[in-house]
Every structure is written in C-alpha cells, then in structure tokens.
Amino acid sequence: MLELTLALILFLFPLAYSPGPGNMFFAAIGGRFGLRASVPATIGYHLATFVVTAAIGFGFAGVARMSTEVFDLMRYLGSAYIFWLALKFLRAGATDDDKVARRATVMDGAVLLLLNPKAYLIIALMFTQFLPVDANSDAGLVLWITSVFTLNNFVAFTVWTIAGDVLMRRFRSERSARPLNIASGVMLAAVALWILFQ
C-alpha cells in the first residue's frame, strides 16, 4: 500500500500543482478575499471531489461510456459559470464591497468540480493506472485512492490560495481594489477559456 501511495502521489503531483482551473480559481479567491474566506469553496470543491472520485472508482459514473456530447455540455456550462464569476470580479470596486465580488461559497466550489470534464478524465485515468482490474470490488482500495487524490488536491489548492493571498495582500486597499479585482477577473476568465478549449 505504501508503494502504491507514493507512486500515486508522484503521478498526481504535476497534475495538482501545475496551473489549472482549480488552482487558478483558488489563487484568485485567495488573492481577493484571503485564505480564511476560501474555506467554504474549498469544502465544496473537495467534498464534490471525494464523491465524484469514489463514484468513478466504483464504476457508478460510467465515465468510459459518456458521450462526447455530455463532455461538451459540461465544458460549456463550466466555462459559462466561471465567466459569470469573472464578471462579478471585473465589476467590483472596493475590496470590502462584497455585493458584486462576493465570496465563493460551498456551492461555487462544488460546481467548479462538477462542471469540469477534465477532472473526470484525470480521475478515470488515475484509476486505470492504480486500480488493478481484479480489484474492482475492493472498496478499501477505491476509498484509499479517492482519499489520497482528494487530500493531494486539498494541499495543492491550499498552497495556491495562500500564494494568491500573499501576493495580493499589499493590493487590498481602496486605491488598488480595481486593479486587484481586474486581475482576479482576468484570471478566472482565463480559467473559463482553459476549460472551454481543452
């Protein structure tokens, strides 16, 4: 089990820590509101990650049988949702004006995962690599892989959130609120485009 876990972490490291939709989302939220304010979105994202990953691991999701149209629809919906969040940032003014640039919620985090088709592909790929064919009914192994995957993502996204918080902390003033909001909005828009064109 230790050997499998180490191999799994090495496999996941570049996927989790390199820039991607989740990382950029949490860096933007951390930069705009700080680490503490990102907690609800983090909870939502990682609860959804655990549930979806376990479902795929147990074979309930039928990812391998999903049609191209389903993945396309998820990609379009996910991109539209992230664009909507980006627009909220772009329209915001002062850093304490949360009427426009609102703090991310549990639902925002969950939706980010649920509407990201690339996440499903990575999860499916992970199980093809680390779940032996004869272990499909091994609930313990599926849950272990799911837990390692979720925890690895949690650590990576926390690092990105802290980085966003630290880098943008000096911009949290009335005078620099607009540039910070624009930077966060542009970053989220880039995430939306990344999802759309993958």
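**The nonpolar core**

Guide: In this predicted model, the largest nonpolar core has 38 residues, and those that touch the most other members are F25, M126, F127 and I145.

Visitor: Which helices supply residues to this core?
Guide: At least two residues of this core come from each of α1, α2 (21–33), α3 (39–58), α4 (68–91), α5 (106–114), α6, α7 (139–168) and α8 (177–196).

Visitor: And which one gives the most?
Guide: That is α7, with 7 residues.

Visitor: What is M126 in contact with?
Guide: Neighbours within four places in sequence are left aside here. M126 is then in contact with L8, F11, L12, T53, L131, I145 and F149.

Visitor: Let us step back. How many helices and strands does the protein chain have?
Guide: The protein chain has 8 helices and 0 strands. Read from the N terminus, the order of elements is α-α-α-α-α-α-α-α.

Visitor: What share of the residues is buried?
Guide: The protein chain has 198 residues, and 47% of them count as buried. As for the surface, the chain exposes about 10,100 Å², with carbon and sulfur atoms supplying 70% of that area.

Visitor: What about contacts between parts that are apart in sequence?
Guide: Take the contacts between residues at least 6 apart in sequence: 83% of these join residues at least 24 apart.

Visitor: On to the rings. How many aromatic pairs are there?
Guide: The structure holds 6 aromatic pairs. One of them is formed by F11 and F130; it is edge-to-face, with 5.3 Å from centre to centre and 65° between the planes.

Visitor: Why does that pair tie together parts apart in sequence?
Guide: Because F11 belongs to helix α1 (residues 2–17) and F130 to helix α6 (residues 117–130), the pair ties together parts 119 residues apart in sequence.

Visitor: Is F11 buried or partly exposed?
Guide: F11 is partly exposed, since its relative accessible area is 22% and buried means under 20%. F130, at 12% relative accessibility, counts as buried.

Visitor: Why is the pair of F25 and F26 edge-to-face?
Guide: The planes of F25 and F26 are at 90°, with the ring centres 5.1 Å apart, so the pair is edge-to-face. Both F25 and F26 are buried.

Visitor: A change of topic: where is T49, and what does T49 touch?
Guide: T49 is placed in helix α3 and is buried, at 0% relative accessibility. Setting aside residues up to four places away in sequence, T49 touches L113, F149, T150 and N153.

Visitor: And T42, is that buried or exposed?
Guide: T42, which is also found in helix α3, is buried, with a relative accessible area of 12%. With residues up to four places away in sequence not counted, T42 touches F26 and F154.

Visitor: Lastly, which residues does the UniProt annotation "transmembrane region" cover?
Guide: According to the unreviewed UniProt entry, this annotation covers residues 43–64, 109–131, 143–168 and 180–197.

Visitor: How much of residues 109–131 is helix?
Guide: Residues 109–131 are 87% helix and 0% strand, and the end C-alpha atoms lie 27 Å apart. For residues 143–168 the figures are 100% helix and 0% strand, with 37 Å between the end C-alpha atoms.

Terms used
Residues are numbered from 1 along each chain as its sequence is written. This is a predicted model: local features need pLDDT of at least 70, side-chain atom pairs count only at pLDDT 80 or more; totals for chains, interfaces and linings use all residues. Side-chain values use heavy atoms; hydrogens and water are left out. Helices (H or I, at least four residues) and strands (E, at least two) are DSSP runs, numbered from the N terminus. Buried means under 20% relative accessible area, exposed over 50%, partly exposed in between (1.4 Å probe, protein chains only). Contact means heavy atoms within 4.5 Å. Accessible areas come from the Shrake-Rupley method with a 1.4 Å probe; for residues, only the protein chains shown count as cover. Rings of Phe, Tyr and Trp (its six-membered ring) pair if their centres lie within 6.5 Å; planes under 30 degrees apart count as stacked, over 60 as edge-to-face and the rest as tilted. UniProt positions are given in the numbering used here, feature names are shortened, and annotations may be inferred rather than shown by experiment. A nonpolar core is a set of buried Ala, Val, Leu, Ile, Met, Phe, Trp, Tyr and Cys residues joined through side-chain atoms within 4.5 Å.
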